Amino acid sequence: SFNDIQDDGAIAIGDSLKSHKALKELKLRECGITAKGAKELAGALSVNGVLTSLDLSDNYLDAEAGKVLAKALEVNGVMTKLLLSRNPIRDEGAIAIGESLKTNSTLEELELKSCGIGAKGGKAICGGLQAGMAVLTNLDVRLNRLNDDAKQSLREATDLRIVKEFPTGSFNRVAHVISCLLYTSDAADDT
């Protein structure tokens, strides 16, 4: 993290991840990476069966980067944590990530704080959560441009998941984090 490796460094790391069998956590926060570097990292995620946590927060990942990372999530069977906060993936990237949540059964934590996501992206994430495969227990979508309708859809989807997973009324604090982050984001998201 906090190294100016840019795309050339991300490409080299992505290339080595394709054959590396020990690294479980990779932090590339604020490294100057764009969609070009993300494309190589996504290619590595498609074949790497060990890396479980990737932090790409505070880079220059746009909608195209969101799309390639989402495609990797569709086939990756080990990734449990993906942090993409403060990257301009916008609705297009969020829609692709929402689609990947429909088939991904390992991702537990997804951070998309301050990514320029609007109503369409929020609803797509909601659709991914409702599809049944998603196992997310922590979703952070604060500081985006979600309208009231998208926020309500996400609240209902997360509340429905909590009821489905714990039908006897037992309470799971981790699953509840999803709803809490939505409820506390109201004031910060209103623009």
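Trainee: Where is Asp-7 found?

Mentor: Asp-7 sits in helix α1, which covers residues 6-17. Helices (H or I, at least four residues) and strands (E, at least two) are DSSP runs, numbered from the N terminus. Please note that this is a predicted model, in which local features need pLDDT of at least 70 and side-chain atom pairs count only at pLDDT 80 or more, while totals for chains, interfaces and linings use all residues. Residues are numbered from 1 along each chain as its sequence is written, and side-chain values use heavy atoms, with hydrogens and water left out.

Trainee: Is Asp-7 buried or exposed, and which side chain of opposite charge is nearest?

Mentor: Asp-7 is buried and has no salt bridge; Lys-36, the nearest side chain of opposite charge, is 5.7 Å away. Buried means under 20% relative accessible area, exposed means over 50%, and partly exposed lies in between (1.4 Å probe, protein chains only). For charge, Lys and Arg count as positive and Asp and Glu as negative, whereas His and the chain ends are not counted. A salt bridge is a side-chain nitrogen of Lys or Arg within 4 Å of a carboxyl oxygen of Asp or Glu.

Trainee: What does the side chain of Asp-7 reach, then?

Mentor: It reaches the backbone nitrogen of Gly-37, at 3.1 Å. Apart from neighbours within four places in sequence, Asp-7 is in contact with Gly-32, Ile-33, Thr-34, Lys-36 and Gly-37. Contact means heavy atoms within 4.5 Å.

Trainee: Ile-33 is on that list. Where is the place of Ile-33?

Mentor: Ile-33 lies in the loop between β1 (25-27) and α2 (35-47). Ile-33 is buried, with a relative accessible area of 0%. Its contacts beyond four places in sequence include Ile-5, Asp-7, Leu-28, Leu-56 and Tyr-60. The C-alpha atoms of Ile-33 and Ile-5 are 7.5 Å apart, although 28 residues separate the two along the chain.

Trainee: Changing topic: how many salt bridges does the structure hold?

Mentor: The structure holds 10 salt bridges. Side chains of opposite charge can pair when their charged atoms come close. One of the bridges joins Lys-67 and Glu-92, at 2.9 Å from N to O. Lys-67 belongs to helix α3 (residues 63-75) and Glu-92 to helix α4 (residues 90-101), so this pair ties together parts that are 25 residues apart in sequence. Lys-67 is partly exposed at 29% relative accessibility, and Glu-92 is partly exposed at 47%.

Trainee: Which residue forms a salt bridge with Asp-140?

Mentor: Arg-142 does, with the closest N and O atoms 2.7 Å apart. Asp-140 is buried, with a relative accessible area of 5%, while Arg-142 is partly exposed at 28%.

Trainee: Which residues are linked in a network of salt bridges?

Mentor: The network links Arg-29, Asp-55, Asp-58 and Arg-86. Arg-86 is placed in the loop between β3 (81-83) and α4, and Arg-86 is partly exposed, with a relative accessible area of 31%. The side chains of Arg-86 and Asp-58 make a polar contact at 2.6 Å. A polar contact is a pair of N or O atoms within 3.5 Å; within protein, one must be able to donate a hydrogen and the other to accept it, and residues adjacent in sequence count only if both atoms are side-chain atoms. Not counting residues up to four places away in sequence, Arg-86 also touches others, including Ser-57, Asn-59 and Cys-115.

Trainee: Which residues touch the most other members of the largest nonpolar core?

Mentor: Leu-56, Leu-110 and Leu-112 do, in a core of 46 residues. The elements giving two or more residues to this core are α1, α2, α3, α4, α5 (119-130) and α6 (148-165). A nonpolar core is a set of buried Ala, Val, Leu, Ile, Met, Phe, Trp, Tyr and Cys residues joined through side-chain atoms within 4.5 Å.

Trainee: How many helices and strands are there in the protein chain?

Mentor: There are 8 helices and 5 strands. Of the 191 residues in the protein chain, 48% count as buried.
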